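Subject: Structure handover

Hello,

Here is the structure I said I would pass on. My notes on it follow below.

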Amino acid sequence: MRKLLYAALAAMMLISCDPNAPKIDSKDKKMLDKASKNVLSLIGKDRKEVKAAFEKAGWEDASFLAAVPKRFQKNMKYDASSTMVFAYGDIDGYMEVMMEEDEDAFEDWLDNLIKEKKIFAAVMLNFVDKKLTLGEAHLIVGNEYENIHNLYLNFSKNIYASADPDSREWEGALIEYDDHTAGKEPDTFSDKKRAKFEEAFAELDEPFVQEQTTCEHEEFDTVFYALQWSSIAGDMGGDNCCEGMLVFGIPE
């Protein structure tokens, strides 16, 4: 019995000390891990249930925003009667710099976010008849931390595993960020090549990655999610941070 206990403890130590885990705050890491495993299950849920789930995970209801950043309106328009916005991280600091509309103030806020090794995320959720039908989330994190790109890979693995395996249709694309900006074509992968996708991702220095999945759902014929990760977030802070994007819901 004692040997079994020691073996179990040793296994737990190996899990908790994963050398490939990104070196970010453990609270942030736990939130992303839980979100990646559960987000698809929120599709079709009641507005109150979705709100409770996000708040339990540490997100703040940010639906009071008078002006939603344009990047959150790529797939849907803000409407207070059918939309909710949640934010995770330094929402007060973010709101302050957004209200100032000062690029230098935003850069200072971003530099502090990176210095403190924190993440900032925001999600816009759209409801029809009080049921969640579409969500779009963006995450910002510094790219100077060891194994930071595995933050994306861990999220990708979890949400992929949460999609119904019997009906899941997945495809992905990978390329070095510099090659992407130069207009080169990415390497593409089908569901049968998912393992090779993960291996190839690990070989990239500055990845630009996109993937999309559809699958059946307990309430709907089909749901989908799309992921994107860039080692450089363009207008969001030069070359010192990464941006991740997740869109999920019911296909139009």
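**Aromatic pairs and burial**

At a relative accessibility of 10%, F54 counts as buried, because the cut-off for that class is under 20%. W59 has a relative accessibility of 10% and counts as buried as well. Please keep in mind throughout that this is a predicted model.

The ring centres of F54 and W59 lie 5.4 Å apart with the planes at 90°, so the two make an edge-to-face pair. F54 and W59 belong to one aromatic cluster together with F86 and Y88. Over the whole structure, the search returns 12 aromatic pairs.

Another of these pairs is W109 with F120: the centres are 5.3 Å apart and the planes stand at 85°, so this pair is edge-to-face too. W109 sits in helix 5 (residues 103-115) and F120 in strand 3 (residues 119-128), 11 residues apart, and the pair links distant parts of the chain. W109 is buried, with 7% relative accessible area, and F120 is buried at 4%.

**Overall content**

The protein has 8 helices and 9 strands. It has 252 residues, of which 46% count as buried. Taking contacts between residues at least 6 apart in sequence, 69% join residues at least 24 apart.

In what order do the 9 strands of the open sheet lie? The order is 1-2-3-4-9-8-7-5-6, and the pairing is antiparallel. Strand 1 (60-61) and strand 6 (187-190) are at the edges; each has a single partner strand, so one side of each has no neighbour in the sheet.

Strand 4 (residues 131-142) has 11 of its 12 residues buried, so the rest of the structure largely encloses it. On one pairing, strand 4 is joined to strand 3 by 10 bridges in the antiparallel sense, and V123 has A137 in strand 4 as its bridge partner. Strand 4 also pairs with strand 9 (residues 241-249), again antiparallel, through 9 bridges. In that pairing, L139 is opposite G244 of strand 9.

Further along the order, strand 7 (residues 207-215) and strand 8 (residues 223-230) run antiparallel and are joined by 8 bridges. Here C215 faces V223 of strand 8.

**Backbone at the turns**

The hairpin of strand 3 and strand 4 has 2 residues between the strands, and D129 in it has a positive phi near 55°. K130 lies in the loop between strand 3 and strand 4. Its phi is also positive, at about 65°, although K130 is not a glycine. Is K130 buried or exposed? With a relative accessibility of 57%, K130 counts as exposed, because the cut-off for that class is over 50%.

K117 is another residue other than glycine with a positive phi, here near 55°. K117 belongs to the loop between helix 5 and strand 3. With a relative accessibility of 41%, K117 counts as partly exposed.

**Helix 6 and helix 8**

Helix 6 (residues 150-162) packs with helix 8 (residues 194-203) at an angle of about 170°, and the axes are 11 Å apart. The two helices are therefore roughly antiparallel to each other, since angles over 145 degrees are classed that way. Helix 6 contributes Y152, L153, S156, K157 and Y160 to the contact, and helix 8 contributes R194, F197, E198 and F201. Sorted by class, the residues of this contact are 5 nonpolar, 1 polar and 3 charged.

Helix 8 also lies across strand 5 (169-176), strand 6 and strand 7, and it runs at about 20° to strand 5.

N158 is also part of helix 6. N158 has a relative accessible area of 17% and is buried. Which residues does N158 touch, leaving aside those up to four places away in sequence? N158 touches D33, S36 and K37.

Regards

Terms used. Residues numbered from 1 in each chain as written. Predicted model: local features only at pLDDT ≥ 70, side-chain atom pairs only at ≥ 80, totals over all residues. Heavy atoms only, no water. Axes fitted to C-alpha atoms, helices over the stretch in contact; angles between N-to-C directions. Helix = DSSP H or I, 4+ residues; strand = E, 2+ residues; numbered from the N terminus. Parallel < 35°, antiparallel > 145°, perpendicular 65-115°, else oblique. Contact = heavy atoms within 4.5 Å. Nonpolar A, V, L, I, M, F, W, Y, C, P; charged D, E, K, R; others polar. Pairing = 2+ DSSP bridges. Phe/Tyr/Trp six-rings, centres within 6.5 Å; stacked < 30°, edge-to-face > 60°. Buried < 20%, exposed > 50% of the residue type's maximum accessible area, 1.4 Å probe, protein only.
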